[in-house]
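Thanks for coming, everyone. Please bring the sequence and the structure up on your screens, and we will walk through them together.

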Amino acid sequence: MTNYVAFNAQRAIDYVSTLIESKQCNFFDSGQTLSAYEFGDGNLNLIFRITDEQNNSVILKQALPYARCVGESWPLTLDRARIEAQVLLNHGAICPTYTANVLHYSEMQALTILEDLGNLQILRTAQNNAEQFPKLAQHVATYLSHTGFYNSDFYLTAQTKKALVSQFTNPELCQITEDLFFSDPYIEHERNNYPKQLQNEVDAIQKNNALKLEIAKLKANFLSNPQTLLHGDMHSGSIFVDCNHTKMIDPEFGFFGPIGFDIGSFIGNLLLNYCAQAGHIEDFVARRNYQTHLLSCIVDTYSLFEQQWLELIRTKTLDESLAPVGYAQYFMKNVLQDAVGYCGAELIRRTIGLAHVSDIDSISDDNARLTVQKQTLALGEQLILNAQTCNNKEAFFSLLISQLN
Ligand SMILES: Nc1ncnc2c1ncn2[C@@H]1O[C@H](COP(=O)(O)OP(=O)(O)O)[C@@H](O)[C@H]1O
Ligand SMILES: CSC[C@H]1O[C@H](OP(=O)(O)O)[C@H](O)[C@@H]1O
């Protein structure tokens, strides 16, 4: 095997042809002419679609030794390809229905070959067109609760869990999140990215000590609370959907961290889309109708996630010492409070930090975009400040309703 080399379309074809002709993989018949093109739109990696003469296709995802969106000035470990493949395999073994299928992984070339999900849509693209997915909440709640529970102390022996924590140690990618989520937005930093008309709001955030205290608690929890194997980047660009299917991709930020982080990130992205609709859907009734759907999705995800976790703890806990009456409720209350905080942090970092969301950036009218950005900052701030008093779903929903117009 040759040393690592960044692929172009021809190299991707040659690589797959070798796998097929040497019978290491059988997703294409041998002897076929293959074609390929690169179409990655994420921040970090190359994505090739490789197609055979019958139009069967697979996705080849390769890590570059740097962050694609910034260039070679931001070197980044190739080990993220291993983490991504191994999280997909771990989560796929627990929740195959909701996890993209890995067909092949090469450590040397830092690449994974995945099932082609191009028959589905990326959730963010669909939500930017106000499309509704009635089963999304059920699917995401099931994926997060099951992958979360079966990688937690409730189910794993302490020895097995510690071995997994070690396997999924992901310091470079975690540092990106630590910086972009919890540090940059709260200080003056060259990576921050916001219009000058937002300077007053940014100054207020950066001077708000109560807010920075809550962010410090959230960051400390992210740094030092290996509760379960997280997806690590549960935003709307990491989820493929149609009316009946939901598939998670792109868990290269996966590591053992606080359970509330993934669900908080997911709900944060639904709220970003909710707020952005003021700049997209002009008709008030149509906008309200769509936003009501998003709120139902948030409510259902939160409720089903809590219910499923409580049921899994009640019926499947293997460590008897974690089973006294009341512990499950105590545990979940803390997880859900964390989730509200992480949700708020996602709103703020996507508004003033390095990595934005197209939901907001695609609003063409400058004033409308600015109004939305002010709302996401205010909402994010209130979620972070009030997270610890959100003791149940009613408190969370009242907080949301009081902040959303
Ligand atoms: N399994 C897949 N099937 C079809 N398209 C995919 C698949 N995985 C990724 N893509 C496409 O590539 C894009 C970037 O993928 P992603 O994994 O998010 O890359 P990055 O790690 O660079 O963010 C997605 O938005 C999607 O369009
Ligand atoms: C320089 S990484 C910024 C940002 O990008 C990641 O998302 P994705 O790779 O899916 O585009 C992640 O959210 C990081 O915070």
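Which polar side-chain atom lies 2.8 Å from an oxygen atom of ligand 2? The side chain of D233 supplies that atom. Keep D233 in mind, as we will come back to that residue. One caution before we go on: this is a predicted model.

Let me start with the whole chain. There are 405 residues, and 55% of them are buried. The secondary structure comes to 14 helices and 12 strands. Along the principal axes, the C-alpha trace spans about 60 × 55 × 40 Å. How does that fit with a compact globule? For 405 residues, a compact globule would have a radius of gyration near 22 Å. The chain has 21 Å, so the two agree.

Now the annotation. UniProt, in an unreviewed entry, places the feature "domain: Aminoglycoside phosphotransferase" at residues 38–267. Over that stretch, the chain is 40% helix and 19% strand. The end C-alpha atoms of the stretch are 31 Å apart. UniProt also lists a "binding site", again in an unreviewed entry. That record names N45, K61, E115, D116, L117, D250, P251 and E252.

On to ligand 1. How many residues surround ligand 1? The count is 20. The closest are D41, N45, K61, L117 and E252. By type, the shell around ligand 1 divides into nine nonpolar, four polar and seven charged residues.

β2 gives the most, with three residues.

Next, the polar contacts of ligand 1. Look at K61. An N or O atom in the K61 side chain is 2.7 Å from an oxygen atom of ligand 1. Now look at D41. The D41 side chain has an N or O atom 2.9 Å from an oxygen atom of ligand 1. Then there is D250, with a polar side-chain atom 2.9 Å from an oxygen atom of the ligand. How much of ligand 1 does the protein bury? Taken alone, ligand 1 exposes 550 Å², and 93% of that is buried by the protein.

Let me move to ligand 2. The residues around ligand 2 are N43, L44, C69, W74, L180, D233, H235, D250, F253, R349, R350 and A355. They divide into six nonpolar, two polar and four charged.

We opened with D233, whose side chain puts a polar atom 2.8 Å from an oxygen atom of ligand 2. H235 makes a contact too. Its side chain has an N or O atom 2.7 Å from an oxygen atom of ligand 2. And D250 is here again, with a polar side-chain atom 3.0 Å from an oxygen atom of ligand 2. On its own, ligand 2 has 400 Å² of accessible area, and the protein covers 94% of it.

So D250 deserves a slide of its own. Its side chain reaches an oxygen atom of ligand 1 at 2.9 Å. It also reaches an oxygen atom of ligand 2 at 3.0 Å. Where does D250 sit? The place is the loop between β11, at 246–248, and β12, at 256–257. Is D250 buried or exposed? The relative accessible area of D250 is 14%; buried means under 20%, so D250 counts as buried.

Back to D233, as promised. The backbone oxygen of D233 lies 2.9 Å from a polar atom of the S238 side chain. S238 is in the loop between β9, at 228–229, and β10, at 239–241. Its relative accessible area is 0%, so S238 is buried.

Last stop: two backbone details. K23 is not a glycine, yet K23 has a positive phi of about 60 degrees. K23 is in the loop between α1, at 9–21, and β1, at 35–38. With a relative accessible area of 67%, K23 is exposed. N55 is not a glycine either, and N55 has a positive phi of about 75 degrees. N55 is in the loop between β2 and β3. At 61% relative accessibility, N55 counts as exposed.

That is the tour. Thank you.

Terms used
Residues numbered from 1 in each chain as written. Chains lettered and ligands numbered in written order. Predicted model: local features only at pLDDT ≥ 70, side-chain atom pairs only at ≥ 80, totals over all residues. Heavy atoms only, no water. Near = heavy atom within 4 Å. Polar contact = N/O pair within 3.5 Å; in protein donor to acceptor, adjacent residues only side chain to side chain. Areas by Shrake-Rupley, 256 points an atom, 1.4 Å probe, with all protein chains shown as cover. Helix = DSSP H or I, 4+ residues; strand = E, 2+ residues; numbered from the N terminus. Nonpolar A, V, L, I, M, F, W, Y, C, P; charged D, E, K, R; others polar. UniProt positions renumbered as here; feature names shortened; annotations may be inferred. Rg over C-alpha atoms; globule rule 2.2 N^0.38 Å. Buried < 20%, exposed > 50% of the residue type's maximum accessible area, 1.4 Å probe, protein only.
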